[in-house]
Amino acid sequence: MNGEPLIRWDWLSEHLGPILGRVEQHLYLAVIAVVIGFVISFALAAVSIRRRRLYPFVTLFATAVYTIPSYALFAALVVATGLSIVTAEVPLIVYTFILLVPNIVAGFDSVPQDVLDAADGMGYTAGRRWWQVELPLAVPLVVAGLRLATVSTIGLVTVSAILGDNFGGLGYYILDGYHRHFPTEILVGGLLSIALAVLADVGFVLLQRLLTPWAAARSAAR
Amino acid sequence: MDILAATAQWLADPAHWQGPSGIPLRLGEHVALSAISLLLAALVAMPLGLWIGHTGRLSWLVVSSANAWRALPSFAVIGLLIPFTTLLDPNLGFTLYPTLVAMIVLAGPPILVNSYQGVAGVDRDLVEAARGMGMSGRQILFGLEMPVALPVLATGMRSAAVQVIATATLGATFGFGGLGRFIVLGDANQDNGELFGGVVLVAALALGTLALFVLLERRLASPGLATRTAG
(Lines give C-alpha, C1' and ligand atoms only; values in the text may rest on other atoms or scores of the structure.)
Protein backbone atom coordinates (compact mmCIF):
# COMPACT_ATOMS: atom_id res chain seq x y z
CA MET A 1 0.00 0.00 0.00
CA ASN A 2 1.76 3.16 -1.29
CA GLY A 3 5.23 1.89 -0.42
CA GLU A 4 4.21 1.71 3.22
CA PRO A 5 6.27 -0.87 5.20
CA LEU A 6 4.30 -3.89 6.45
CA ILE A 7 4.96 -3.05 10.09
CA ARG A 8 5.86 0.34 11.48
CA TRP A 9 7.36 -0.51 14.82
CA ASP A 10 7.26 3.12 16.03
CA TRP A 11 3.46 3.15 15.59
CA LEU A 12 3.26 -0.08 17.52
CA SER A 13 5.32 1.17 20.46
CA GLU A 14 3.35 4.42 20.59
CA HIS A 15 0.01 2.60 20.66
CA LEU A 16 0.62 -0.14 23.20
CA GLY A 17 -1.95 1.37 25.59
CA PRO A 18 -4.84 1.57 23.10
CA ILE A 19 -3.97 -1.88 21.71
CA LEU A 20 -4.23 -3.34 25.20
CA GLY A 21 -7.55 -1.54 25.59
CA ARG A 22 -8.82 -3.20 22.40
CA VAL A 23 -7.67 -6.62 23.64
CA GLU A 24 -9.62 -5.98 26.83
CA GLN A 25 -12.71 -4.93 24.87
CA HIS A 26 -12.35 -7.97 22.61
CA LEU A 27 -12.34 -10.34 25.58
CA TYR A 28 -15.16 -8.43 27.29
CA LEU A 29 -17.44 -8.75 24.23
CA ALA A 30 -16.52 -12.43 23.78
CA VAL A 31 -16.96 -13.43 27.42
CA ILE A 32 -20.41 -11.82 27.73
CA ALA A 33 -21.54 -13.61 24.56
CA VAL A 34 -20.23 -17.01 25.61
CA VAL A 35 -21.67 -16.75 29.15
CA ILE A 36 -25.15 -15.69 27.99
CA GLY A 37 -24.96 -18.10 25.05
CA PHE A 38 -24.08 -20.93 27.42
CA VAL A 39 -26.99 -20.18 29.78
CA ILE A 40 -29.50 -20.12 26.91
CA SER A 41 -27.94 -23.19 25.26
CA PHE A 42 -28.06 -25.11 28.55
CA ALA A 43 -31.77 -24.33 28.82
CA LEU A 44 -32.35 -25.36 25.17
CA ALA A 45 -30.38 -28.57 25.77
CA ALA A 46 -32.31 -29.35 28.97
CA VAL A 47 -35.61 -28.99 27.10
CA SER A 48 -34.27 -31.13 24.23
CA ILE A 49 -33.19 -33.90 26.61
CA ARG A 50 -36.59 -34.00 28.34
CA ARG A 51 -38.63 -33.65 25.16
CA ARG A 52 -36.74 -35.52 22.47
CA ARG A 53 -39.25 -34.59 19.79
CA LEU A 54 -38.27 -30.92 20.17
CA TYR A 55 -34.57 -31.55 19.61
CA PRO A 56 -34.67 -31.59 15.79
CA PHE A 57 -36.46 -28.23 15.86
CA VAL A 58 -33.92 -26.73 18.26
CA THR A 59 -31.11 -27.96 15.99
CA LEU A 60 -32.85 -26.64 12.89
CA PHE A 61 -33.29 -23.22 14.51
CA ALA A 62 -29.66 -23.09 15.65
CA THR A 63 -28.39 -24.21 12.23
CA ALA A 64 -30.55 -21.72 10.34
CA VAL A 65 -29.44 -18.84 12.55
CA TYR A 66 -25.79 -19.85 12.16
CA THR A 67 -26.22 -19.91 8.39
CA ILE A 68 -27.14 -16.22 8.18
CA PRO A 69 -23.90 -14.34 7.42
CA SER A 70 -22.66 -12.36 10.42
CA TYR A 71 -22.34 -9.12 8.48
CA ALA A 72 -26.01 -9.27 7.48
CA LEU A 73 -27.12 -10.01 11.05
CA PHE A 74 -25.08 -7.19 12.62
CA ALA A 75 -26.24 -4.71 9.97
CA ALA A 76 -29.91 -5.70 10.29
CA LEU A 77 -29.86 -5.32 14.08
CA VAL A 78 -28.49 -1.78 13.91
CA VAL A 79 -31.90 -0.62 12.70
CA ALA A 80 -33.63 -2.35 15.61
CA THR A 81 -31.27 -1.70 18.52
CA GLY A 82 -28.95 1.04 17.25
CA LEU A 83 -25.20 1.14 17.71
CA SER A 84 -25.42 -0.42 21.15
CA ILE A 85 -23.84 -3.32 22.96
CA VAL A 86 -27.08 -5.27 22.42
CA THR A 87 -26.51 -5.07 18.66
CA ALA A 88 -22.98 -6.34 19.15
CA GLU A 89 -23.92 -9.17 21.50
CA VAL A 90 -27.10 -10.66 19.97
CA PRO A 91 -25.41 -12.16 16.86
CA LEU A 92 -22.45 -13.37 18.94
CA ILE A 93 -24.86 -15.07 21.37
CA VAL A 94 -27.10 -16.74 18.79
CA TYR A 95 -24.11 -18.08 16.84
CA THR A 96 -22.98 -20.05 19.91
CA PHE A 97 -26.17 -22.17 20.01
CA ILE A 98 -25.20 -24.57 17.20
CA LEU A 99 -21.81 -25.19 18.82
CA LEU A 100 -23.07 -25.53 22.41
CA VAL A 101 -26.48 -27.24 22.35
CA PRO A 102 -25.46 -30.46 20.51
CA ASN A 103 -22.40 -30.84 22.72
CA ILE A 104 -24.38 -30.38 25.95
CA VAL A 105 -27.03 -32.87 24.80
CA ALA A 106 -24.35 -35.36 23.72
CA GLY A 107 -22.57 -34.86 27.06
CA PHE A 108 -25.60 -35.90 29.09
CA ASP A 109 -26.43 -38.66 26.59
CA SER A 110 -22.95 -40.07 27.12
CA VAL A 111 -23.62 -40.92 30.76
CA PRO A 112 -24.11 -44.73 30.83
CA GLN A 113 -27.45 -46.04 32.08
CA ASP A 114 -25.58 -48.50 34.35
CA VAL A 115 -23.95 -45.62 36.18
CA LEU A 116 -27.32 -43.92 36.70
CA ASP A 117 -28.83 -47.20 37.96
CA ALA A 118 -25.91 -47.67 40.33
CA ALA A 119 -26.37 -44.14 41.70
CA ASP A 120 -30.09 -44.81 42.20
CA GLY A 121 -29.29 -48.10 43.93
CA MET A 122 -26.94 -46.29 46.29
CA GLY A 123 -29.84 -44.07 47.30
CA TYR A 124 -28.86 -40.84 45.54
CA THR A 125 -31.68 -38.32 45.30
CA ALA A 126 -32.41 -37.03 41.80
CA GLY A 127 -30.75 -33.68 42.52
CA ARG A 128 -27.63 -35.20 44.04
CA ARG A 129 -27.37 -37.72 41.22
CA TRP A 130 -27.50 -34.90 38.66
CA TRP A 131 -24.93 -32.78 40.47
CA GLN A 132 -22.45 -35.49 41.51
CA VAL A 133 -22.80 -38.10 38.77
CA GLU A 134 -24.39 -36.79 35.57
CA LEU A 135 -22.82 -33.35 35.43
CA PRO A 136 -19.19 -34.46 36.05
CA LEU A 137 -19.53 -37.20 33.43
CA ALA A 138 -21.05 -34.77 30.93
CA VAL A 139 -18.26 -32.22 31.49
CA PRO A 140 -15.81 -33.40 28.78
CA LEU A 141 -18.29 -32.87 25.94
CA VAL A 142 -19.75 -29.71 27.48
CA VAL A 143 -16.27 -28.19 27.78
CA ALA A 144 -15.51 -29.31 24.22
CA GLY A 145 -18.54 -27.30 23.10
CA LEU A 146 -17.49 -24.30 25.18
CA ARG A 147 -14.07 -24.46 23.59
CA LEU A 148 -15.53 -24.34 20.06
CA ALA A 149 -17.94 -21.56 21.01
CA THR A 150 -15.27 -19.44 22.67
CA VAL A 151 -12.78 -19.72 19.82
CA SER A 152 -15.44 -19.01 17.21
CA THR A 153 -16.86 -16.06 19.21
CA ILE A 154 -13.42 -14.49 19.60
CA GLY A 155 -13.19 -14.58 15.81
CA LEU A 156 -16.65 -13.12 15.27
CA VAL A 157 -16.10 -10.23 17.70
CA THR A 158 -13.92 -8.67 14.98
CA VAL A 159 -16.99 -8.29 12.73
CA SER A 160 -18.67 -6.01 15.30
CA ALA A 161 -16.14 -3.39 14.15
CA ILE A 162 -18.68 -2.51 11.45
CA LEU A 163 -20.78 -1.01 14.27
CA GLY A 164 -18.22 1.79 14.64
CA ASP A 165 -15.21 2.73 16.68
CA ASN A 166 -16.80 1.75 20.00
CA PHE A 167 -16.95 -1.94 19.06
CA GLY A 168 -15.00 -4.64 17.31
CA GLY A 169 -12.20 -5.21 19.82
CA LEU A 170 -9.12 -5.88 17.70
CA GLY A 171 -11.34 -5.90 14.60
CA TYR A 172 -11.34 -2.11 14.90
CA TYR A 173 -7.70 -2.06 13.77
CA ILE A 174 -8.42 -4.32 10.79
CA LEU A 175 -11.17 -2.04 9.47
CA ASP A 176 -9.40 1.22 10.39
CA GLY A 177 -6.17 0.01 8.79
CA TYR A 178 -8.12 -0.88 5.64
CA HIS A 179 -9.78 2.54 5.47
CA ARG A 180 -6.48 4.36 6.12
CA HIS A 181 -4.40 2.07 3.85
CA PHE A 182 -2.19 1.35 6.84
CA PRO A 183 -0.91 -2.29 6.90
CA THR A 184 0.58 -2.03 10.39
CA GLU A 185 -2.87 -1.61 11.91
CA ILE A 186 -4.36 -4.46 9.85
CA LEU A 187 -1.57 -6.85 10.85
CA VAL A 188 -1.79 -5.90 14.54
CA GLY A 189 -5.58 -6.40 14.59
CA GLY A 190 -5.55 -9.60 12.52
CA LEU A 191 -2.63 -11.35 14.15
CA LEU A 192 -3.63 -10.46 17.71
CA SER A 193 -7.24 -11.63 17.20
CA ILE A 194 -5.97 -14.97 15.88
CA ALA A 195 -3.53 -15.15 18.80
CA LEU A 196 -6.40 -14.59 21.26
CA ALA A 197 -8.40 -17.42 19.68
CA VAL A 198 -5.42 -19.79 19.82
CA LEU A 199 -4.68 -18.86 23.45
CA ALA A 200 -8.32 -19.49 24.39
CA ASP A 201 -8.13 -22.89 22.66
CA VAL A 202 -5.03 -23.86 24.63
CA GLY A 203 -6.60 -22.54 27.83
CA PHE A 204 -9.56 -24.85 27.36
CA VAL A 205 -7.35 -27.89 26.89
CA LEU A 206 -5.75 -27.11 30.25
CA LEU A 207 -9.16 -26.48 31.86
CA GLN A 208 -10.40 -29.82 30.59
CA ARG A 209 -7.44 -31.61 32.21
CA LEU A 210 -8.18 -29.81 35.45
CA LEU A 211 -11.90 -30.64 35.42
CA THR A 212 -11.58 -34.31 34.44
CA PRO A 213 -8.43 -35.57 36.15
CA TRP A 214 -9.61 -39.18 35.71
CA ALA A 215 -9.30 -38.90 31.90
CA ALA A 216 -5.59 -38.05 32.18
CA ALA A 217 -5.05 -40.75 34.80
CA ARG A 218 -6.76 -43.30 32.56
CA SER A 219 -4.73 -42.48 29.48
CA ALA A 220 -1.53 -42.51 31.58
CA ALA A 221 -2.42 -45.96 32.92
CA ARG A 222 -2.75 -47.35 29.41
CA MET B 1 -43.61 -1.73 9.68
CA ASP B 2 -41.80 1.19 8.03
CA ILE B 3 -38.80 -1.01 7.44
CA LEU B 4 -40.84 -3.87 6.02
CA ALA B 5 -42.56 -1.51 3.62
CA ALA B 6 -39.29 0.15 2.61
CA THR B 7 -37.67 -3.26 2.06
CA ALA B 8 -40.57 -4.56 0.01
CA GLN B 9 -40.58 -1.38 -2.02
CA TRP B 10 -36.83 -1.58 -2.68
CA LEU B 11 -37.04 -5.24 -3.66
CA ALA B 12 -40.03 -4.62 -5.94
CA ASP B 13 -38.48 -1.66 -7.77
CA PRO B 14 -37.68 -2.88 -11.31
CA ALA B 15 -34.75 -0.43 -11.46
CA HIS B 16 -32.95 -2.55 -8.87
CA TRP B 17 -33.25 -5.66 -11.04
CA GLN B 18 -31.12 -4.44 -13.94
CA GLY B 19 -27.82 -2.83 -14.81
CA PRO B 20 -24.24 -3.42 -13.69
CA SER B 21 -25.09 -3.09 -9.99
CA GLY B 22 -28.53 -4.66 -10.09
CA ILE B 23 -29.68 -7.62 -8.02
CA PRO B 24 -29.24 -10.33 -10.72
CA LEU B 25 -25.66 -9.27 -11.37
CA ARG B 26 -24.73 -9.04 -7.69
CA LEU B 27 -26.40 -12.39 -7.02
CA GLY B 28 -24.56 -13.90 -9.99
CA GLU B 29 -21.28 -12.51 -8.70
CA HIS B 30 -21.92 -13.88 -5.23
CA VAL B 31 -22.93 -17.34 -6.47
CA ALA B 32 -20.23 -17.64 -9.15
CA LEU B 33 -17.35 -16.59 -6.90
CA SER B 34 -18.64 -18.81 -4.09
CA ALA B 35 -18.95 -21.78 -6.43
CA ILE B 36 -15.46 -21.24 -7.83
CA SER B 37 -13.97 -20.99 -4.33
CA LEU B 38 -15.81 -24.10 -3.23
CA LEU B 39 -14.66 -26.02 -6.29
CA LEU B 40 -11.02 -24.97 -5.96
CA ALA B 41 -10.98 -25.84 -2.26
CA ALA B 42 -12.67 -29.20 -2.90
CA LEU B 43 -10.18 -30.08 -5.64
CA VAL B 44 -7.38 -29.99 -3.09
CA ALA B 45 -9.08 -30.84 0.21
CA MET B 46 -11.33 -33.71 -0.84
CA PRO B 47 -8.74 -36.05 -2.42
CA LEU B 48 -6.40 -35.27 0.46
CA GLY B 49 -9.07 -36.05 3.08
CA LEU B 50 -10.14 -39.24 1.31
CA TRP B 51 -6.54 -40.42 1.06
CA ILE B 52 -5.83 -39.67 4.73
CA GLY B 53 -9.03 -41.44 5.77
CA HIS B 54 -8.25 -44.44 3.58
CA THR B 55 -4.62 -44.87 4.61
CA GLY B 56 -4.79 -43.48 8.15
CA ARG B 57 -1.58 -41.57 7.43
CA LEU B 58 -1.10 -37.88 8.33
CA SER B 59 -4.28 -37.77 10.43
CA TRP B 60 -2.63 -35.11 12.64
CA LEU B 61 -3.02 -32.78 9.66
CA VAL B 62 -6.78 -33.20 9.84
CA VAL B 63 -6.89 -32.59 13.58
CA SER B 64 -4.84 -29.43 13.38
CA SER B 65 -6.76 -28.11 10.41
CA ALA B 66 -10.03 -28.68 12.28
CA ASN B 67 -8.69 -26.54 15.12
CA ALA B 68 -7.19 -23.92 12.84
CA TRP B 69 -10.50 -23.54 11.05
CA ARG B 70 -12.26 -22.21 14.16
CA ALA B 71 -9.33 -20.05 15.21
CA LEU B 72 -9.18 -18.26 11.83
CA PRO B 73 -11.77 -15.48 11.81
CA SER B 74 -12.74 -14.56 8.23
CA PHE B 75 -12.61 -10.85 9.08
CA ALA B 76 -8.98 -11.21 10.18
CA VAL B 77 -8.05 -13.48 7.27
CA ILE B 78 -9.40 -11.02 4.69
CA GLY B 79 -7.65 -8.16 6.49
CA LEU B 80 -4.33 -9.97 6.78
CA LEU B 81 -4.33 -10.76 3.06
CA ILE B 82 -4.78 -7.12 2.00
CA PRO B 83 -1.21 -5.91 2.58
CA PHE B 84 0.05 -8.80 0.46
CA THR B 85 -2.55 -8.84 -2.34
CA THR B 86 -2.05 -5.09 -2.84
CA LEU B 87 1.60 -5.83 -3.57
CA LEU B 88 0.44 -8.04 -6.46
CA ASP B 89 -2.13 -5.63 -7.85
CA PRO B 90 -2.91 -2.26 -6.27
CA ASN B 91 -6.52 -2.25 -7.53
CA LEU B 92 -7.89 -5.79 -7.48
CA GLY B 93 -5.61 -6.54 -4.53
CA PHE B 94 -7.62 -4.01 -2.56
CA THR B 95 -11.08 -5.27 -3.60
CA LEU B 96 -11.46 -8.71 -5.18
CA TYR B 97 -8.39 -10.75 -4.22
CA PRO B 98 -8.29 -10.65 -0.41
CA THR B 99 -11.87 -11.86 0.00
CA LEU B 100 -11.62 -14.40 -2.82
CA VAL B 101 -8.43 -15.92 -1.38
CA ALA B 102 -10.00 -15.97 2.10
CA MET B 103 -13.06 -17.78 0.68
CA ILE B 104 -10.88 -20.49 -0.87
CA VAL B 105 -8.65 -20.88 2.19
CA LEU B 106 -11.55 -21.06 4.66
CA ALA B 107 -13.50 -23.57 2.54
CA GLY B 108 -10.65 -26.09 2.72
CA PRO B 109 -10.70 -27.30 6.33
CA PRO B 110 -14.39 -28.33 6.60
CA ILE B 111 -14.09 -30.28 3.33
CA LEU B 112 -10.83 -31.92 4.46
CA VAL B 113 -12.16 -32.87 7.91
CA ASN B 114 -15.44 -34.32 6.61
CA SER B 115 -13.80 -36.24 3.76
CA TYR B 116 -11.45 -37.77 6.28
CA GLN B 117 -14.16 -38.53 8.83
CA GLY B 118 -16.50 -39.93 6.18
CA VAL B 119 -13.97 -42.52 5.03
CA ALA B 120 -12.38 -43.19 8.42
CA GLY B 121 -15.87 -43.71 9.89
CA VAL B 122 -16.84 -46.52 7.52
CA ASP B 123 -17.61 -49.67 9.50
CA ARG B 124 -14.33 -51.66 9.70
CA ASP B 125 -16.29 -54.91 9.32
CA LEU B 126 -17.48 -53.72 5.91
CA VAL B 127 -13.92 -52.92 4.86
CA GLU B 128 -12.69 -56.31 6.11
CA ALA B 129 -15.49 -58.06 4.24
CA ALA B 130 -14.56 -56.20 1.05
CA ARG B 131 -10.93 -57.14 1.52
CA GLY B 132 -11.98 -60.75 2.12
CA MET B 133 -13.88 -60.65 -1.18
CA GLY B 134 -10.60 -59.77 -2.84
CA MET B 135 -11.23 -56.07 -3.50
CA SER B 136 -8.07 -53.99 -3.96
CA GLY B 137 -7.34 -50.85 -1.94
CA ARG B 138 -8.49 -48.70 -4.84
CA GLN B 139 -11.68 -50.72 -5.28
CA ILE B 140 -12.40 -50.45 -1.56
CA LEU B 141 -11.95 -46.67 -1.63
CA PHE B 142 -14.06 -46.01 -4.73
CA GLY B 143 -16.48 -48.94 -4.52
CA LEU B 144 -17.18 -48.98 -0.79
CA GLU B 145 -15.74 -46.20 1.32
CA MET B 146 -16.68 -43.26 -0.92
CA PRO B 147 -20.29 -44.30 -1.59
CA VAL B 148 -20.85 -44.92 2.12
CA ALA B 149 -19.16 -41.63 3.01
CA LEU B 150 -21.09 -39.53 0.43
CA PRO B 151 -23.54 -37.93 2.89
CA VAL B 152 -20.63 -36.92 5.13
CA LEU B 153 -18.75 -35.50 2.14
CA ALA B 154 -21.87 -33.47 1.34
CA THR B 155 -21.98 -32.22 4.94
CA GLY B 156 -18.42 -30.96 4.52
CA MET B 157 -19.37 -29.18 1.30
CA ARG B 158 -22.38 -27.69 3.10
CA SER B 159 -20.27 -26.24 5.95
CA ALA B 160 -17.81 -24.90 3.42
CA ALA B 161 -20.57 -23.37 1.26
CA VAL B 162 -22.14 -21.60 4.25
CA GLN B 163 -18.73 -20.31 5.27
CA VAL B 164 -17.88 -19.14 1.76
CA ILE B 165 -21.19 -17.27 1.31
CA ALA B 166 -20.74 -15.56 4.68
CA THR B 167 -17.15 -14.60 3.89
CA ALA B 168 -18.20 -13.16 0.52
CA THR B 169 -20.85 -11.07 2.32
CA LEU B 170 -18.32 -9.82 4.84
CA GLY B 171 -15.97 -9.03 1.97
CA ALA B 172 -18.32 -6.23 0.88
CA THR B 173 -16.92 -4.12 3.75
CA PHE B 174 -13.52 -4.62 2.06
CA GLY B 175 -14.60 -3.58 -1.43
CA PHE B 176 -15.71 -7.03 -2.63
CA GLY B 177 -18.78 -7.35 -4.88
CA GLY B 178 -21.77 -9.62 -4.35
CA LEU B 179 -24.97 -9.12 -2.38
CA GLY B 180 -23.14 -7.63 0.60
CA ARG B 181 -22.70 -4.43 -1.43
CA PHE B 182 -26.38 -3.59 -0.93
CA ILE B 183 -25.86 -3.70 2.85
CA VAL B 184 -22.74 -1.52 2.60
CA LEU B 185 -24.50 1.00 0.34
CA GLY B 186 -27.73 0.95 2.32
CA ASP B 187 -25.71 1.69 5.45
CA ALA B 188 -23.67 4.45 3.78
CA ASN B 189 -26.75 6.13 2.23
CA GLN B 190 -28.90 5.54 5.32
CA ASP B 191 -31.34 3.75 3.04
CA ASN B 192 -33.02 1.09 5.19
CA GLY B 193 -34.89 -0.34 2.21
CA GLU B 194 -31.64 -1.13 0.43
CA LEU B 195 -29.89 -2.34 3.60
CA PHE B 196 -32.70 -4.72 4.53
CA GLY B 197 -33.20 -5.71 0.90
CA GLY B 198 -29.56 -6.80 0.96
CA VAL B 199 -30.03 -8.64 4.25
CA VAL B 200 -33.08 -10.48 2.88
CA LEU B 201 -31.24 -11.47 -0.31
CA VAL B 202 -28.13 -12.62 1.58
CA ALA B 203 -30.18 -14.61 4.10
CA ALA B 204 -32.26 -16.17 1.30
CA LEU B 205 -29.13 -17.22 -0.58
CA ALA B 206 -27.51 -18.70 2.54
CA LEU B 207 -30.63 -20.52 3.75
CA GLY B 208 -31.45 -21.69 0.21
CA THR B 209 -27.95 -23.15 -0.09
CA LEU B 210 -28.32 -24.83 3.29
CA ALA B 211 -31.65 -26.38 2.25
CA LEU B 212 -30.20 -27.56 -1.06
CA PHE B 213 -27.31 -29.33 0.66
CA VAL B 214 -29.55 -30.91 3.31
CA LEU B 215 -31.72 -32.37 0.53
CA LEU B 216 -28.59 -33.56 -1.28
CA GLU B 217 -27.30 -35.27 1.86
CA ARG B 218 -30.63 -37.11 2.23
CA ARG B 219 -30.57 -38.29 -1.38
CA LEU B 220 -26.96 -39.40 -1.16
CA ALA B 221 -27.48 -41.62 1.86
CA SER B 222 -27.12 -45.18 0.57
CA PRO B 223 -30.56 -46.86 0.79
CA GLY B 224 -28.87 -50.09 1.82
CA LEU B 225 -27.35 -48.43 4.86
CA ALA B 226 -30.57 -46.59 5.69
CA THR B 227 -32.50 -49.86 6.07
CA ARG B 228 -29.61 -51.31 8.07
CA THR B 229 -29.83 -48.55 10.66
CA ALA B 230 -33.61 -48.69 10.67
CA GLY B 231 -33.59 -52.44 11.28
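Author: One definition before we start: helices here are DSSP runs of H or I with at least four residues, numbered from the N terminus. By that numbering, B:L58 sits in the loop between α2 (23-55) and α3 of chain B. Keep in mind that this is a predicted model.

Reader: What makes the phi of B:L58 worth a remark?

Author: Phi of B:L58 is near 60 degrees, a positive value in a residue other than glycine. Most residues other than glycine have a negative phi.

Reader: Why is B:L58 called exposed?

Author: B:L58 has 11 C-beta neighbours inside 10 Å. The cut-off for exposed is 12 or fewer, so B:L58 counts as exposed.

Reader: And A:H181, where is that, and what is its phi?

Author: A:H181 lies in the loop between α8 and α9 of chain A. The phi of A:H181 is positive, about 55 degrees, although the residue is not a glycine.

Reader: Why does A:H181 count as partly exposed?

Author: A:H181 has 15 C-beta neighbours inside 10 Å. Exposed needs 12 or fewer and buried needs 20 or more, so A:H181 counts as partly exposed.

Reader: Which residues make the contact of α8(A) with α9(A)?

Author: On the α8(A) side there are A:G171, A:Y172, A:Y173, A:I174, A:D176, A:G177 and A:Y178. They meet A:P183, A:T184, A:E185, A:I186, A:V188, A:G189, A:G190 and A:S193 in α9(A). Sorted by class, this contact has seven nonpolar, six polar and two charged residues.

Reader: Let's zoom out. What does chain A consist of?

Author: Chain A has 10 helices and zero strands. Its C-alpha atoms fill a box of roughly 75 × 45 × 25 Å along the principal axes. Of the 222 residues of chain A, 40% count as buried. Among contacts in chain A between residues at least 6 apart in sequence, 71% join residues at least 24 apart.

Reader: Now the two chains together. How many residues of chain B are in contact with chain A?

Author: Chain B puts 33 residues in contact with 34 residues of chain A. The elements of chain B that give two or more residues to that side are α3 (59-71), α4 (74-88), α7 (137-171), α8 (180-188) and α9 (192-220). The largest share, nine residues, comes from α9(B). By class, the side of chain B that touches chain A has 24 nonpolar, seven polar and two charged residues.

Reader: Which residues of α8(B) are buried, and what covers them?

Author: B:G180, B:R181, B:F182, B:I183, B:V184 and B:G186 are the buried residues of α8(B). Their cover includes α4 of chain A, together with α2, α7 and α9 of chain B.

Reader: What makes you say that α6(B) is hardly covered?

Author: Helix α6 of chain B spans residues 124-132, and the count of buried residues among its nine residues is zero. Just after α6(B), B:G134 takes a positive phi of about 90 degrees.

Reader: Last one: how confident is the predictor in chain B?

Author: Chain B averages a pLDDT of 90, and 95% of the residues score at least 70. Among the elements of chain B, α10 (residues 223-230) has the lowest mean pLDDT (54) and α2(B) the highest (95). Over residues 227-231 of chain B pLDDT stays under 50, and the model has zero contacts beyond four places in sequence for them. The model scores ipTM 0.88 and pTM 0.90.

Note on methods. Residues numbered from 1 in each chain as written. Chains lettered and ligands numbered in written order. Predicted model: local features only at pLDDT ≥ 70, side-chain atom pairs only at ≥ 80, totals over all residues. Contact = placed C-beta atoms within 7 Å. Nonpolar A, V, L, I, M, F, W, Y, C, P; charged D, E, K, R; others polar. pLDDT = per-residue confidence, 0-100.
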